[in-house]
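Here is a short briefing on one protein model. Please look over the sequence and the structure before reading on.

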Amino acid sequence: MAFPRPRPARPELPRRRVRTLECGQGAVRAVRFNVDGNYCLTCGSDKSLKLWNPHKGTALRTYQGHGYEVLDAAGSFDNSQLCSCGADKTVALWDVATGQVVRKYRGHVGKVNCVQFNEEATIIVSGSIDSTVRCWDCRSRRPDPVQVLDEAKDGISSVKVSDHEILSGSVDGRVRRYDLRAGQLYSDYIGSPITSVCFSKDGQCALAASLDSTLRLLDKETGELLGEYMGHRSMTYRLDCVLSEQDTHVGSASEDGNVYFWDLVEGSLVLSLAVGRSVVQSLSFHPTLPCLLTATEGQVQLWREESFQPEGDAA
């Protein structure tokens, strides 16, 4: 007779601070894991971009070339290139190994808040306070964007890219999803300025954070509201929201110095992490592990699950 399979263990959440990085970049505006979660990027108010191994706490390289604060960055699928954007209105493409700027894209007329590669790292998608999302071709020498998405009525605060979609959040209170295969635009009105958007790992849902201190989980296809999550404070700053590596929990930065996690299905608040005394500027959740990066002031902290044993520790 076949024994029933054991029930899968309840996914753990990162509760334990295992490392603090003193970034030395002024205020850290954004922290981002790379594609496989082995490295991270930190964006500084001192115009610099840094590459780290956060698990070991080592700084690997500093990238300098922006004329003002760096506000967001992303790594390509093969870790050979980075893209970044900033308050100098430019988008930069970098060679990871040499630390040099490969190309700078100028076209936005306001500071550029967010940047992403597409899956093949052939296109960079950027969103700006100038209310546009622009798509730049990394392979050609053309200086102008290959596409401009200008449906938003106010600044773009967040963009995410899937294999055939662009998800954007705008200060006009709308989450817009561009289906590039079908050439369709889907728009959902939240009503409060959007600070961050992300796709669920299964691609079925979109999570949006807004300045009414609420996260909302939307069915991507129908726009139906599947869940609302409250308890954090988000009234002024552009704060990140995240989904855990198995889509079991949603998380948000908060202006009270904490990070909050809710059960995705039940909507109940399950964890509050005390990160610092001031606003938690940025979050990044590891793609496959219960591991979280938080940025507050000039620091980045690495959080792991309770059962985690750092290398070199006695079991």
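Which residue in strand 28 is the bridge partner of Thr-294? That partner is Gln-301. The model is predicted.

- Strands pair through backbone hydrogen bonds, in either a parallel or an antiparallel way.
- Strand 1 is joined to strand 28 (residues 299-304) by six bridges. Here Arg-17 has Trp-303 of strand 28 as its bridge partner.
- Strand 28 also pairs with strand 27, again over six bridges and in the antiparallel sense.
- Strand 26 and strand 27 run antiparallel and are joined by five bridges. Phe-285 stands opposite Leu-292 of strand 27.

**The two hairpins**

- The hairpin from strand 26 to strand 27 passes through five residues.
- The hairpin of strand 27 and strand 28 has two residues between the strands. In this hairpin, Glu-297 takes a positive phi near 50°.

**Strand 27, inside the structure**

- Is strand 27 (residues 291-296) largely enclosed or open? Six of its six residues are buried, so the strand is largely enclosed by the rest of the structure.
- Both faces are covered. Cys-291, Leu-293 and Ala-295 are buried on one side. Leu-292, Thr-294 and Thr-296 are buried on the other.

**Cys-40**

- Cys-40 lies in strand 3 (residues 40-44).
- Is Cys-40 buried or exposed? Its relative accessible area is 0%, so Cys-40 is buried; the cut-off for buried is under 20%.
- Leaving aside neighbours within four places in sequence, Cys-40 is in contact with Val-31, Arg-32, Phe-33, Asn-34, Lys-50, Leu-51, Trp-52, Pro-54 and Leu-293. One of these, Leu-293, is among the buried residues of strand 27.
- Gly-67 is 27 residues from Cys-40 along the chain. Their C-alpha atoms are separated by 22 Å.

**His-232**

- His-232 sits in the loop between strand 21 (225-230) and strand 22 (241-243).
- His-232 counts as buried because its relative accessibility is 7%.
- Not counting residues up to four places away in sequence, His-232 touches Ser-213, Thr-214, Leu-215, Ser-252, Ala-253, Ser-254, Tyr-260 and Trp-262.

**The largest pocket**

- Rolling a probe the size of a water molecule over the atoms shows where empty space is left.
- The largest pocket has a volume of about 1,200 Å³.
- Its lining holds 45 residues. Phe-33, Val-35, Gln-116, Lys-160 and Val-161 lie nearest the centre.
- At least two lining residues come from each of strand 2 (28-33), strand 6 (70-75), strand 10 (112-117), strand 14 (156-161), strand 18 (194-199), strand 22 and strand 26.
- Strand 14 gives the most, with five residues.
- By class, the lining has 18 nonpolar, 16 polar and eleven charged residues.

**The second largest pocket**

- The second largest pocket has about 430 Å³ of space.
- It is lined by 22 residues. Lys-111, Asn-113, Thr-236, Tyr-237 and Arg-238 lie nearest its centre.
- Strand 2, strand 6 and strand 18 each supply at least two lining residues. Strand 2 has the largest share, with three residues.
- This lining divides into eight nonpolar, six polar and eight charged residues.

**The cavity**

- How many cavities of 30 Å³ or more does a search of the whole structure find? The search finds one.
- The largest cavity has a volume of about 60 Å³.
- Residues that line the largest cavity include Leu-167, Arg-176, Tyr-186, Asp-188, Asp-219 and Lys-220.
- Strand 16 (174-179), strand 17 (184-189) and strand 20 (214-219) are the elements that give two or more residues to this lining. Strand 16 gives the most, with three residues.
- The lining of the largest cavity has five nonpolar, one polar and five charged residues.

Terms used: Residues numbered from 1 in each chain as written. Predicted model: local features only at pLDDT ≥ 70, side-chain atom pairs only at ≥ 80, totals over all residues. Heavy atoms only, no water. Pairing = 2+ DSSP bridges. Helix = DSSP H or I, 4+ residues; strand = E, 2+ residues; numbered from the N terminus. Buried < 20%, exposed > 50% of the residue type's maximum accessible area, 1.4 Å probe, protein only. Contact = heavy atoms within 4.5 Å. 1 Å grid on protein atoms, 1.4 Å probe; cavity = no way out; pocket = protein on both sides within 12 Å on 5 of 7 lines; lining within 4 Å. Points joined across faces, edges and corners; volume = space filled by probe spheres on them. Nonpolar A, V, L, I, M, F, W, Y, C, P; charged D, E, K, R; others polar.
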